[in-house]
Amino acid sequence: MTGEAVAFGALSVVLVGSALAVVLSKNLFHALLWLALALTGTAGVFLLLDAEFLAAVQLLLYAGGIITIVVFAIVVTEHLVGERLTQTNMRIGGGAAVAAVLLAFLVTIIGRRPLEMTRPEMPGDLTQVIGQAVLTQYVLPFELLALLMLAGLLGAIYFARPDE
Amino acid sequence: MGLQPYLILSAVVFCIGLFGVTTRRNTIGILLGVELMMNAVNINLVALARFNGSSAGMVFTVFTICITVTEAALGLAIVILLFRTRRTVMADHLDLLKG
């Protein structure tokens with residue numbers, strides 16, 4: 001077994017285990033902490049795929065940003081500790097059936113024919129390549145993204161306005 | 001190691017997220033499931049881009065990460081607004097549109 005296979009196996013166990021804990025944990029705050037572990041595991045998978053920049057973005061935006069926002073949401077809507085935080089799942093059988101059927105479908109499609117086994121050489125430093133692509137070929141989507149974030153900011157302020 | 005294990009890992013994480021979205025009662029729990037599904041999509045994009053030898057998929061991943069963060073912030077703002085008006089975040093109590 002190569003080093004990549006060992007690292008991939010370990011990351012898969014962490015990722016799938018923490019993802020299951022996110023959806024099955026009884027305590028919402030614990031589920032959030034498991035989500036942080038799952039997002040960090042995803043950053044590890046990005047590192048395995050030679051995408052160091054994306055791993056850093058993943059850690060900063062997801063594991064840093066989203067987790068903080070969700071903590072605030074939990075604090076506002078529930079008490080951080082105590083029995084109000086417990087949450088139950090409903091219709092577990094139906095949800096599991098839907099997820100299992102979709103998973104079987106996807107795995108069948110993926111396994112239908114052999115996929116690439118080798119990675120082509122990337123042209124130069126990947127971070128540099130991404131940076132140049134964002135500011136040349138994809139500059140219009142990049143500016144639209146800035147517009148979207150401004151709209152999101154205004155929307156969040158509108159939602160958070162004090163009661164009249 | 002080929003492309004296949006990455007795609008299967010991403011499919012497994014996506015289906016776990018789907019299970020969470022369909023079974024959670026708390027709206028914040030549903031949003032956590034959506035985050036897992038978005039995460040699986042990002043793994044898929046990066047793996048396909050890496051094995052295709054092009055950087056376009058990675059650029060798209062930068063965009064999807066930013067859009068997901070905006071979506072999460074707005075979704076949680078809606079959840080907090082719902083809590084202020086209805087005093088609950090349980091999805092089965094939010095039946096205002098039910099005829």
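**H3(A) against H2(B).** I looked up which residues of H3(A) meet H2(B): Leu54(A), Ile66(A), Val70(A), Ala73(A), Ile74(A) and Thr77(A) face Ile28(B), Glu35(B) and Val46(B). Contact here takes C-beta atoms, placed from the backbone, within 7 Å. Helices are DSSP runs (H or I, at least four residues), numbered from the N terminus. By class I noted seven nonpolar, one polar and one charged residues in the contact of H3(A) with H2(B). Ala, Val, Leu, Ile, Met, Phe, Trp, Tyr, Cys and Pro count as nonpolar, Asp, Glu, Lys and Arg as charged, and the others, Gly among them, as polar.

The model is predicted: local features need pLDDT of at least 70, side-chain atom pairs 80 or more, while totals for chains, interfaces and linings use all residues. Residues are numbered from 1 along each chain as its sequence is written, and chains are lettered from A in the order in which they are written.

I then checked the axes. Those of H3(A) and H2(B) (residues 27-52) come within 12 Å and cross at roughly 175°. The two helices are therefore roughly antiparallel (angle over 145 degrees). Axes are lines fitted to C-alpha atoms over the stretch in contact, with angles from 0 to 180 degrees between N-to-C directions.

**Asp50(A).** I found Asp50(A) in the loop between H2 (28-48) and H3 (52-77) of chain A. Asp50(A) has a positive phi of about 65°, although it is not a glycine.

**Ala11(B).** I placed Ala11(B) in H1 (residues 4-23) of chain B. Leaving out residues up to four places away in sequence, Ala11(B) touches Leu103(A), Leu106(A), Val107(A) and Ile110(A).

Key: Parallel < 35°, antiparallel > 145°, perpendicular 65-115°, else oblique. Contact = placed C-beta atoms within 7 Å.
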